[in-house]
Amino acid sequence: VIAAPDCELYLFRGSPPTVAPKLYALSPDLVERPVYASLLRGAGQAEVRIFEGRDGRDLGTVAIWQGADPTGLTDELIERAMDFTSGADLREGVLAILRRDRQLKVVGPVPRPVSPRAAFGHPLRIFAKAPAVQVLVIGL
Amino acid sequence: MDLELYTACGPSQIVARRLFGLPRDVIGHPRYALVMEGDGEGDVRILQRESSKSTTATVAIWRGLHAGEAMRMLVEALEAPDVLAALEHGQPFQVEGPALAPTTPRGAFGLALGRLHPQTRVWAAVLVF
């Protein structure tokens, strides 16, 4: 077993058909982490989605927010995710940025997605008609 | 503009393993950059080839001694219409090569990450643009 980094973050920009295969090619390790989150942006809209594992490895809750594309959130997340903190400090710091000023709707418990395609495919389809999207995913 | 960013943060040995496991498509691009920071030092390496079929590449290298400088360069590059110009802006890069282009992620990123102690905490970002 190879130890996971404290944090991993991926970002893709392009048309939805261009971004999808790159997103789905990410390591399944990403969606096995205790917490992972995504920020999708396109056509002036955005979606935040946070998966938090619970009750062992197979279940978790999903918190979702959709609204107008927030400015500056991408940079803020990257800088916080790479600020050399770790563990709960890092996790809570990143989640606080994602939750700030947003009412997230919590769904679950739901089964843990088994792959990046299962985790991010549905959110990406919401933006299928956007000419260009940005997908940021963070594993914590 | 299409763009890909792959980042990890933690002990350098673990971060290196994660980058070595990136899809080979990443280094198949004619242009990509490794931006990293650890031990208070920043390091930016921009690899360029004429095309994805070229077997040789040049590498432009910048090293900085101020914490946060590499992150600033990365974030500015992500927001810029010209990523290369933003990465290079005002920085003294040293160009090496042409030399044989790396054929694996380990070949592309191993040298920069390998010079650090395995437990040194780093963040590293691979930017394809």
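A residue is called buried when its relative accessible area is under 20%, exposed when that area is over 50%, and partly exposed in between, using a 1.4 Å probe and the protein chains only. The structure described here is a predicted model, in which local features need pLDDT of at least 70, side-chain atom pairs count only at pLDDT 80 or more, and totals for chains, interfaces and linings use all residues. Residues are numbered from 1 along each chain as its sequence is written, chains are lettered from A and ligands numbered from 1 in the order in which they are written, and side-chain values use heavy atoms, with hydrogens and water left out.

Rings of Phe, Tyr and Trp (its six-membered ring) pair if their centres lie within 6.5 Å; planes under 30 degrees apart count as stacked, over 60 as edge-to-face and the rest as tilted. Over all chains, five aromatic pairs are found. B:Y32 sits in strand 2 of chain B and B:F109 in helix 5 of chain B, so the pair ties together parts that are 77 residues apart in sequence. Both B:Y32 and B:F109 are buried. Ring pairs also link A:Y10, A:F12 and B:Y6 into a cluster.

The next topic is the nonpolar interior. A nonpolar core is a set of buried Ala, Val, Leu, Ile, Met, Phe, Trp, Tyr and Cys residues joined through side-chain atoms within 4.5 Å. In soluble globular proteins, nonpolar side chains tend to be buried together. The largest core here has 50 residues, and B:L74, B:L87 and B:L127 have the most contacts inside it. Helix 3 (residues 69-79) of chain B gives the largest share of this core, seven residues. Another core lies apart from it, with 44 residues, including A:L124, A:V135, B:F20 and B:A124. Contact means heavy atoms within 4.5 Å. Not counting residues up to four places away in sequence, B:L87 touches B:A33, B:V35, B:V44, B:I46, B:M73, B:A77, B:F93, B:L127 and B:F129.

B:S12 lies in helix 1 (residues 12-20) of chain B and, at 2% relative accessibility, counts as buried. B:T104, in the loop between strand 5 and helix 5 of chain B, counts as partly exposed at 24% relative accessibility.

The peptide bond from A:G108 to A:P109 is cis, with omega near 10°, and A:P109 is placed in strand 5 (residues 105-111) of chain A. In chain B, the bond from B:G97 to B:P98 is cis, also with omega near 10°, and B:P98 lies in strand 5 of that chain. A:A43 is not a glycine, yet has a positive phi of about 50°; A:A43 is exposed, with a relative accessible area of 61%.

How values were computed:
Helices (H or I, at least four residues) and strands (E, at least two) are DSSP runs, numbered from the N terminus.
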